[in-house]
Amino acid sequence: MFEKTTWIKLPRNVLVGHDVLDDLGEAVGDLYLTGRPLIVTSPTPNEIAGDRVRAQFDDPATAVVEEASFAAVEELKETAEAVDPGYLIALGGGKPIDIAKMAADHLDVGFVSVPTVASHDGIVSGRSSIPEGDTRHSVAADPPLAVVADTTLIADAPWRLTTAGCADIISNYTAVKDWRLARRLRNVEYSEYAGALSEMTAELLVENADMIRPGLEESAWVVVKALVSSGVAMSIAGSSRPASGAEHLISHQLDRIAPGKALHGHQVGVASILTEYLHSGENGRWDAIRDALAELDAPTTAAGLGVDDAELIAALTSAHEIRDRYTILQGGINEEAAIEVATATGVIDD
Ligand SMILES: NC(=O)C1=CN([C@@H]2O[C@H](COP(=O)(O)OP(=O)(O)OC[C@H]3O[C@@H](n4cnc5c(N)ncnc54)[C@H](OP(=O)(O)O)[C@@H]3O)[C@@H](O)[C@H]2O)C=CC1
Ligand SMILES: O=C(CO)COP(=O)(O)O
Ligand SMILES: [Zn+2]
């Protein structure tokens with residue numbers, strides 16, 4: 001008997017473009033939500049865009065979060081108890097978006113994502129990534145009901161955050177390779193639709209890297225659309241598999257070994273060079289990944305990430321220990337082999 005069920009949760013309204021922040025009220029109105037909104041933001045986006053958001057709603061409440069942590073999620077839930085919001089609006093980068101996403105899930109209310117940076121695909125996905133001690137927990141939650149991404153604001157945000165978002169998308173290329181490998185060797189559930197969408201999104205960014213430039217609104221638009229596609233791929237898969245393979249494991253280990261030194265997207269980009277080499281050898285597309293990252297001003301080396309060669313090697317050799325997710329690193333890579341791949345790809349010096 002056929003017993004499979006699929007439940008794909010996707011945002012209903014996605015607005016990306018020039019000054020669309022002023023259409024937020026209309027996009028939210030179209031969702032038929034009731035009650036007052038609680039706007040969850042952090043200091044800079046609150047200063048840049050908080051008043052423009054508040055002006056579009058009756059009786060909005062605001063919570064400003066300073067850090068991403070489980071304590072911040074609990075604090076937000078306490079604020080929500082006092083405010084009694086009908087829904088949450090997250091305004092800012094990954095920090096307020098992840099906290100609002102998780103709190104909304106616990107409170108059983110909807111949430112709307114209003115990214116002011118394009119730093120990673122968490123701005124549209126159904127996953128929160130919350131640091132705790134030296135670990136980052138990837139927690140499933142409902143994706144946003146709507147995403148309103150104002151390219152005017154995003155184009156003005158620090159360029160390094162945008163290049164991190166680009167690198168997070170480029171890393172989908174190796175994430176999908178790991179997913180396919182896991183299907184072949186461990187029969188893990190695989191979605192052709194999610195895999196193809198994620199892979200195509202990464203390919204498009206690699207091919208068009210030279211057209212993505214700082215301060216250009218059109219570039220912000222291309223990057224946000226790619227992040228939306230990546231989020232949709234994860235929603236179709238019902239997991240982060242289409243966008244998170246061994247390169248993400250290496251990055252998660254770098255978060256522990258060398259915390260706070262580099263942005264998530266930059267770490268997964270460099271790690272993707274390594275895992276592509278491991279998948280396909282010297283004739284693989286690791287150099288196309290490296291060249292696309294370089295074209296975008298994203299780091300391509302350990303030094304570019306601000307981490308020591310030894311820290312990079314430690315992350316690479318221990319990445320397989322942290323998650324039950326079959327990848328090219330299953331069983332681990334020893335130090336000698338790790339140094340060889342990192343040297344061959346120029347990620348560490350000879
Ligand atoms: N859910 C997921 O899949 C993933 C989640 N993450 C999580 O996301 C977080 C990192 O994301 P990131 O977006 O870098 O985090 P932040 O929200 O901290 O944003 C980065 C910086 O940009 C500032 N900022 C925001 N908008 C603007 C703007 N328009 N102009 C200028 N500055 C701006 C913020 O200011 P301020 O300091 O005032 O907030 C902050 O200093 C981490 O908590 C990480 O764990 C990372 C990867 C994946
Ligand atoms: O960063 C992500 C996808 O780009 C989320 O992946 P994780 O499930 O590894 O946290
Ligand atoms: Zn990522």
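## The shell around ligand 2

The shell around ligand 2 comprises 1 nonpolar, 6 polar and 3 charged residues. Its members are His120, Asp121, Arg127, Ser129, Ser138, Asp168, Ser240, Ala243, Ser244 and His248. The model described here is predicted.

## The shell around ligand 1

Ligand 1 is surrounded by 29 residues, of which the closest are Ser42, Gly93, Gly94, Lys95 and Gly122. By class, 12 of the shell residues are nonpolar, 13 are polar and 4 are charged.

At least two residues of the shell around ligand 1 come from each of α2 (43-54), α4 (94-107) and β6. Domain 1 (13-156) and domain 2 (159-344) each provide at least three residues to the shell around ligand 1.

## Annotated binding-site positions

UniProt, in an unreviewed entry, assigns the feature "binding site" to Asp121, Asp168, His248 and His264. These positions span 144 residues in sequence, but no two of their C-alpha atoms are more than 12.6 Å apart, so they gather at one spot. A "binding site" annotation from UniProt, likewise from an unreviewed entry, covers Asp121, Asp168 and His252.

## Asp121 and Asp168

Asp121 is located in the loop that joins β5 (110-115) to β6 (127-132). Because Asp121 has 31 C-beta neighbours inside 10 Å, this residue counts as buried. Beyond residues up to four places away in sequence, Asp121 touches Asp168, Ile169, Leu227, Ser230, Gly231 and Ala243. Among these contacts of Asp121, Asp168 and Ala243 also belong to the residues surrounding ligand 2.

Asp168 is part of helix α6. Its 35 C-beta neighbours inside 10 Å mean that Asp168 counts as buried. When neighbours within four places in sequence are set aside, Asp168 is in contact with His120, Asp121, His264, Gly265 and Val268. Of these partners of Asp168, Asp121 and His264 also carry the UniProt "binding site" feature.

## His252

His252 lies in helix α10, which covers residues 246-257. With 23 C-beta neighbours inside 10 Å, His252 counts as buried. Apart from neighbours within four places in sequence, the contacts of His252 are Arg136 and Ile322.

## Helix α12 and its cover

Helix α12 (residues 286-295) has Trp286, Ile289, Arg290, Ala292 and Leu293 as its buried residues. These residues cover an arc of only 165 degrees around the axis, which puts them on the same side of α12.

The elements that cover the buried residues of α12 include α6 (159-170), α7 (172-186), α8 (192-207) and α11 (264-280). One of these covering helices, α6, is also the helix that holds Asp168. After α12 comes Asp297, which has a positive phi, near 70 degrees.

Notes:
Residues numbered from 1 in each chain as written. Chains lettered and ligands numbered in written order. Predicted model: local features only at pLDDT ≥ 70, side-chain atom pairs only at ≥ 80, totals over all residues. Near = placed C-beta within 6 Å. Nonpolar A, V, L, I, M, F, W, Y, C, P; charged D, E, K, R; others polar. Buried ≥ 20, exposed ≤ 12 C-beta atoms within 10 Å, placed from the backbone. Helix = DSSP H or I, 4+ residues; strand = E, 2+ residues; numbered from the N terminus. Arc of directions from axis to C-beta. Contact = placed C-beta atoms within 7 Å. UniProt positions renumbered as here; feature names shortened; annotations may be inferred. Domains from an automatic or database assignment.
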